[in-house]
Amino acid sequence: MTEAGRPGPANALTDVGGLRVGHAGRRGDGWLTGVTVVLAPEGGAVTAVDVRGGGPGTRETDALDPRNLVQRIEAVVLTGGSAFGLDAASGVVAWLEEHGRGFPVGGPGRVVPVVPAAALFDLGRGGRWDARPGPDLGRAAVAAADATPEGAPVPQGCVGAGTGAVAGGLKGGVGTASWLLPSGTAVAALAVVNASGSVVDPDTGALWGAGAAWSAEFGPAGGARPAAVVARARDRLAAVRQPAPFNTTLAVVATDATLSRARAQRLAGAAHDGLARAIRPAHLLSDGDTVFALATGRRPPDPEGTDDAAVNEILAAGADTLARAIVHAVLAADGVSGPGGSFPAYRELYGPA
């Protein structure tokens, strides 16, 4: 646990100044899917990625290798629809080009937007196998991000890429959290929880990521529920139609610190520790667990450069904050029931937090 600090004003990814979040989704008539876009400040953010799931669906992640040319990215796309849903990034690319944002390649207006994207599996959960995001939902999500002011609250639960998300039989969704270190550095995370593993201790009903350290934030969700409640929940989950075991938890962790691409990649890797604390097991063959890391550099570096101790604080906060974002996603989700399956919410089975 990060021992010193506090949540930011919004307790959201947008507490990292300059970052905006937009959602677009579709439900009904066989649809249950969507897109979430994290929009960086103009000029982009240093961006890296760490993919640990055995079944990832990604686009442009090779561009984030620290050895490669493009260092700053304008937007990151998280989408439903499995590999089909990666088409949503095309709508974001088109929107960025229209706004003159991307990697400059010579001459006014000549830019190539490099837009990394990762997809989760939600195919068929609304009833139709062919209902998956395309460029229209990608464009809608980035436009929604652009329309929000800096520091705005981020809608959570069954929105954007979390519209059709499921976590171990429970309804998943989007969650977010932030942490302000004593130095003033902000670290924040946004998660789309769609996991093969469970977010709940089956013996107690407590959420794995909501430990005693966060009791003020999550209340009863971090403690054991009455035995009768746990037994009823277990019976209910055993009776519902379970989704196919193809999932993925997607996340963005961010800071306003000045980091190199290599250190941003280290932040993405450390954040996976938080994912594994909140979802058990994680990083399976049937998951595509992917974490992006963004560093906006809005806080100037120390004269001697950001020292190792300061970076370690950021790494630790990244892991803790992602675990908290996962808990918020589960607590904010509403249950759904339809032709694609019945997925109850945590609150329905275990009571409110």
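## Around Tyr346

Set aside the neighbours within four places in sequence, and Tyr346 is in contact (heavy atoms within 4.5 Å) with Leu170, Val200, Gly205, Ala206, Leu207, Ala221, Arg225, Val330, Leu331 and Gly351. Keep in mind that this is a predicted model, where local features need pLDDT of at least 70, side-chain atom pairs count only at pLDDT 80 or more, and totals for chains, interfaces and linings use all residues. Residues are numbered from 1 along each chain as its sequence is written, and side-chain values use heavy atoms, with hydrogens and water left out.

Buried means under 20% relative accessible area, exposed over 50%, and partly exposed in between (1.4 Å probe, protein chains only).

## The sheet and its helices

There's an open sheet of six strands, ordered 5-3-15-14-13-12, with mixed pairing. Strand 5 (72–73) and strand 12 (173–180) are at the edges with a single partner strand each, so one side of each has no neighbour in the sheet. Strand 3 (residues 45–51) and strand 5 run antiparallel, joined by two bridges; in one of these spots, Ala45 has Ile73 of strand 5 as its bridge partner. Strands count as paired if DSSP finds at least two bridges between them. Helices (H or I, at least four residues) and strands (E, at least two) are DSSP runs, numbered from the N terminus.

Helix 6 (residues 261–278) lies across strands 3, 5, 14 (250–255) and 15 (290–295), at about 45° to strand 3. Helix 7 lies across strands 12, 13 (186–193), 14 and 15, at about 145° to strand 12. Axes are lines fitted to C-alpha atoms, for helices over the stretch in contact, with angles running from 0 to 180 degrees between N-to-C directions.

## Pro116

Pro116 sits in the loop between strand 8 (111–112) and strand 9 (117–119). Pro116 is buried, with a relative accessible area of 0%. Beyond the neighbours within four places in sequence, its contacts include Arg59, Leu64, Ile73 and Phe292.
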